[in-house]
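Good morning. Please have a look at the model on the screen, and then I will walk through it.

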Amino acid sequence: MSARFKAGDRVRVRVGSPPGHLRTPLYIQGKIGSVERLHGDYRNPESLAHGGDGLPKQQLYLVRFAQPHVWPKYPGPPRDQLLIDIYEHWLEPA
Amino acid sequence: MHDDHHDNPHAPPTPDHPMTEFERRVDAVQALLIEKGLITADEVRRAVEEMDYRSPALGAKVIARAWVDPAFKSRLLANAKSAILELGIDVGELATIVAVENTEKVHHAVVCTLCSCYPRGLLGYPPDWYKSLNYRSRVVVDPRGVLKEFGLQLPPNVEVRVLDSTADMRYLVIPARPAGTDGMSEEELAGLITRDSMIGVAQARTPAKR
């Protein structure tokens, strides 16, 4: 499966809490960041956790977010960053 | 001793304390897997032994090489697993190690907010604080405050990057090489590289004054 996003692309994290095992933290859902790097494709943990085969594999990205965007009351300098691994089906263009 | 495992030839030795719910469950599942012939007790023992052998000394060896050999550091940053294999260390199949570098301008710290993902193949078991809800919930919100509690105060011009390892990647921090270490051997340098500096909650040790 080819990657939908490339490094530098702006992406929004989808919002949702479907039943089962999730690897997309609630605190980052709905936030906008940019793709820092592409990790390649990996089996989908939401399927693996429940005995599935994890296929089709999902592209995995390291996405960076500005701390003050994630936490409006962030106490440190505004250029500090939060970087999170997120699977492609949780991302949409922003 | 009055536990009932003595009658069960498949059960592993039980701990000396009253077993918790999880321990009993693991025990039961393991006994079933062995009974059905899917795994053997020796395979379980070997896996535990293999895990126990891992320690931060492995990670320190990798970082020390990166400090003295810029070409190795580049390979480590590009593809950590194959670079680490050059040193004869096999980090295993389960996770992908990704190395990130701390410098004068950027400081990385690693957390797994969802559970306790950790580069075990290279650092061994994670420390208890790494698995605590306290660290996991606070380091993403106020990393500088948490690092200060660890004794690390970073100037405002250093960009702090918190890495939340929520998926298949296991992050290894390459701490900055301390000043005053120019003449040191790789082995001496490895002694300065602590577990916490490879998680990013501390700097590498500075050498003792001679």
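First, the conventions. Residues are numbered from 1 along each chain as its sequence is written, and chains are lettered from A and ligands numbered from 1 in the order in which they are written. This is a predicted model, in which local features need pLDDT of at least 70 and side-chain atom pairs count only at pLDDT 80 or more, while totals for chains, interfaces and linings use all residues.

Now the sheet. Helices here are DSSP runs of H or I with at least four residues, strands are runs of E with at least two, and both are numbered from the N terminus. Two strands pair if DSSP finds at least two bridges between them. On that basis there is an open sheet of 7 strands with mixed pairing, in the order β5(A)-β1(A)-β2(A)-β3(A)-β4(A)-β3(B)-β2(B). From one strand to the next, the twist averages 35°.

Where do the chains join in this sheet? Strand β4 of chain A, residues 81-87, pairs with β3(B) in the parallel sense over 4 bridges. L83(A) stands opposite L163(B), and L82(A) is opposite V162(B).

How many residues are in contact between the chains? There are 19 residues of chain B in contact with 17 residues of chain A, where contact means that the C-beta atoms, placed from the backbone, lie within 7 Å. On the chain B side, α9 (143-149) and β3 (159-164) are the elements that give two or more residues. The largest share, 6 residues, comes from β3(B).

Next, the helices. In chain B, the axes of α3 (residues 56-68) and α4 (residues 70-78) come within 5 Å and cross at roughly 125°. Axes are lines fitted to C-alpha atoms, for helices over the stretch in contact, and angles run from 0 to 180 degrees between N-to-C directions. Angles under 35 degrees count as roughly parallel, over 145 as roughly antiparallel, 65 to 115 as roughly perpendicular and the rest as oblique, so α3(B) and α4(B) are oblique to each other. Where they touch, V62(B), R65(B) and A66(B) in α3(B) meet F72(B), K73(B) and L76(B) in α4(B).

Last, chain A. Most peptide bonds are trans. The bond from L55(A) to P56(A) is cis, with omega near 0°. P56(A) lies in the loop between α1 (45-48) and β3 (58-66) of chain A.

Terms used: Contact = placed C-beta atoms within 7 Å.
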